[in-house]
Amino acid sequence: MAENRHSALGLNDEQILEMYKTMLLARRIDERMWLLNRSGKIPFVISCQGQEAAQVGASFALNREQDYVLPYYRDVGVVLTFGMTAKDLMLSAFAKSEDPSSGGRQMPGHFGQKKNRIVTGSSPVTTQVPHAVGIALAGKMEGKDLVTFVTFGEGSSNQGDFHEGANFAGVHKLPVIFMCENNKYAISVPIEKQLSCERVSDRAIGYGMPGVTVDGNDPLEVYKAVKEAADRGRRGEGPTLIETVSYRLTPHSSDDDDRSYRAPDEVAEAKTKDPIITFGAYLKEAGIMDDKLEKEINDEVMNIVNEATEYAENAPYAPPEYAMKHVYAEQ
Amino acid sequence: MAVISYIDAVTMAIREEMERDSKVFVLGEDVGRKGGVFKATQGLYEQFGEQRVIDTPLAESAIAGVGIGAALYGMRPIAEMQFADFIMPAVNQIISEAARIRYRSNNDWNCPIVIRAPYGGGVHGALYHSQSVEAVFANQPGLKIVMPSTPYDVKGLLKAAIRDDDPVLFFEHKRAYRLIKGEVPNDDYVLPIGKADVKRKGEDITVITYGLCVHFALQAAEKLAADGISAHILDLRTVYPLDKEAIIEAAAKTGKVLLITEDNKEGSIMSEVSAIIAEHCLFELDAPIQRLAGPDIPAMPYAPTMEKFFMVNPEKVEQAMRELAEF
């Protein structure tokens with residue numbers, strides 16, 4: 001039997017099965033969206049595939065009753081962990097009026113749900129970083145114990161808003177966890193054309209905060225790093241920059257063809273480290289999951305995805321004139 | 001009622017709102033110990049402390065973006081841009097974020113932030129300390145843009161902006177800060193955002209303007225009155241969204257309309273005001289709509305000769321009003 005790594009982190013068997021199930025749900029929702037896109041039923045999909053371990057591992061390390069998350073467009077695993085449902089995500093994919101993120105106003109991947117403290121996002125990348133700093137500032141002013149968790153890609157770590165936000169959080173010692181999900185590509189541009197430093201986490205020193213790089217395919221390693229960062233934040237010791245290294249297993253989006261800029265061998269190699277497979281293997285080696293349980297979990301997840309798809313496909317669109325609503329507060 | 005300056009009305013409004021609501025706070029460059037480069041936040045740091053009067057790093061997108069984050073949480077941030085000219089790095093945060101948060105989240109989230117900035121020329125500020133930037137933001141539904149002309153309006157509108165549940169850009173004319181004084185009550189009052197105000201009633205010509213130019217028009221109106229010409233003066237106060245009803249009423253009243261802005265002429269607020277009048281008042285007009293504005297050059301130069309050439313001033317306003325009256 002493999003070494004039990006999760007108990008040392010304070011995670012019991014039930015919790016890591018829940019992590020696995022959430023990762024798998026994120027994957028299966030994503031795969032379904034590609035099928036729906038290719039069959040002409042939804043206009044667009046942008047994937048989480050390959051990043052589920054980082055997203056779910058990190059989110060499990062947060063306090064889901066009080067912390068705020070500011071996800072970027074791939075963070076299906078984050079929003080599922082924070083209370084969004086498969087049905088919610090499918091409603092967004094179909095642009096239906098019940099979509100909690102935007103009522104069908106935004107493309108999929110623009111998550112937001114106030115009741116679960118999932119903060120609304122936009123398409124220009126990295127604008128959410130200063131917002132995370134502002135929420136942490138507000139929490140500090142109000143004497144709350146909350147931390148904010150904000151994610152972005154390695155390409156986005158070049159944006160001014162990353163720098164400005166990280167610096168502000170460093171100066172004011174705010175409880176912000178900056179997590180860069182380094183998937184090695186910003187659409188077609190590889191990391192060596194994005195950064196001249198070796199790691200995104202190398203940038204942390206410039207903001208007076210610790211920076212760590214962890215294996216983004218290992219949810220337990222990510223959990224550990226985020227837990228430590230959250231504890232630091234709650235102790236008043238300020239922000240942390242965490243870089244999770246994984247690989248984008250799909251093209252950038254349903255409108256991209258990655259064969260023009262990366263070799264199939266490279267993708268095939270990355271798939272051997274697919275976190276759904278490797279974490280599943282860990283659960284089996286640790287004696288927590290057998291083939292029978294694996295099948296049961298997959299069946300349960302597929303039922304959730306099927307029900308969500310059917311519900312969302314049949315749900316109504318917002319009426320056309322609804323486009324006029326909610327520009328300003330209603331008088 | 002006390003007579004105070006335009007900038008003291010800014011400070012008074014912020015202080016009263018901070019005393020009233022612990023969620024109101026100030027952030028920006030030099031707003032704390034120094035009290036702002038123009039002294040708009042003077043005394044607030046001493047009264048409320050560094051937690052609520054925050055000197056930020058010199059980075060405008062963070063000033064706006066961190067403020068937006070705090071507003072998303074439920075605070076009432078007042079972010080200061082040191083000069084309106086320096087708001088440009090924050091445009092993505094203001095337009096892509098603040099303006100769209102309520103709409104894009106289908107009313108789930110909202111962003112009650114006020115972004116204050118001194119604008120306007122006539123202070124030897126040259127290209128980057130003199131500009132009017134309102135037109136950059138004036139086609140962005142979700143934003144409100146307030147540009148008051150008097151200390152009374154400053155206090156009432158700034159308090160309204162702070163209490164507003166949506167983002168408000170509050171542009172203060174920097175030359176008006178100490179030049180313009182007026183009566184301001186000590187008690188609490190708010191004025192409605194989105195409503196223009198008739199600053200002088202008249203019968204012969206209508207002037208529609210905002211900010212410092214309101215005072216130029218009022219001065220000129222006195223001179224014209226001596227010659228038997230009666231001018232009606234409408235102060236827009238909110239330049240986005242515009243008070244269409246008040247604009248139409250003011251234009252129709254005299255049938256002769258002069259629109260004045262200190263901004264460059266083409267694509268200015270007055271272009272939209274002109275379009276509103278053209279759409280609604282064709283049969284009431286007795287003269288072509290006139291516009292007096294800055295020339296279409298990037299911004300006003302430093303040399304006094306060229307700065308004066310750029311700026312609208314009382315003489316130019318008086319001349320334009322007389323020409324319109326004689327049409």
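Which residue caps the N-terminal end of H1(A)? In this predicted model, the cap is A:Asn12, a side-chain oxygen of which lies 3.2 Å from the backbone nitrogen of A:Glu14.

## Helix H1 of chain A

Helix H1 of chain A covers residues 13–38, a run of 26 residues. After H1(A) comes A:Gly40, which has a positive phi, near 80 degrees.

## Extent of the interface

Chain A contributes 43 residues to the contact and chain B contributes 42. Together the two chains bury about 3600 Å², and carbon and sulfur atoms give 62% of that area. On the chain B side, B:Tyr73, B:Tyr103 and B:Trp109 supply 22% of the area buried against chain A, more than any other three residues.

## Polar and charged pairs

Between chain B and chain A, 18 residue pairs are in polar contact, with both residues at pLDDT 80 or more. The interface holds 1 salt bridge by the rule applied. In a salt bridge, the side chains of B:Lys23 and A:Glu142 meet at 2.5 Å, N to O.

## Composition of the chain B side

Four elements of chain B each supply at least two residues of the side that touches chain A: strand S3 (53–55), helix H3 (60–73), helix H4 (91–97) and helix H5 (101–104). H3(B) provides the largest share, 10 residues. Sorted by class, this side of chain B has 18 nonpolar, 13 polar and 11 charged residues.

Notes
Residues are numbered from 1 along each chain as its sequence is written. Chains are lettered from A and ligands numbered from 1 in the order in which they are written. This is a predicted model: local features need pLDDT of at least 70, side-chain atom pairs count only at pLDDT 80 or more; totals for chains, interfaces and linings use all residues. Side-chain values use heavy atoms; hydrogens and water are left out. Contact means heavy atoms within 4.5 Å. Buried area is the accessible area (1.4 Å probe) that two parts lose on being put together, summed over both. A salt bridge is a side-chain nitrogen of Lys or Arg within 4 Å of a carboxyl oxygen of Asp or Glu. A polar contact is a pair of N or O atoms within 3.5 Å; within protein, one must be able to donate a hydrogen and the other to accept it, and residues adjacent in sequence count only if both atoms are side-chain atoms. Ala, Val, Leu, Ile, Met, Phe, Trp, Tyr, Cys and Pro count as nonpolar, Asp, Glu, Lys and Arg as charged, and the others, Gly among them, as polar. The expected span of a helix is 1.5 Å times one less than its number of residues.
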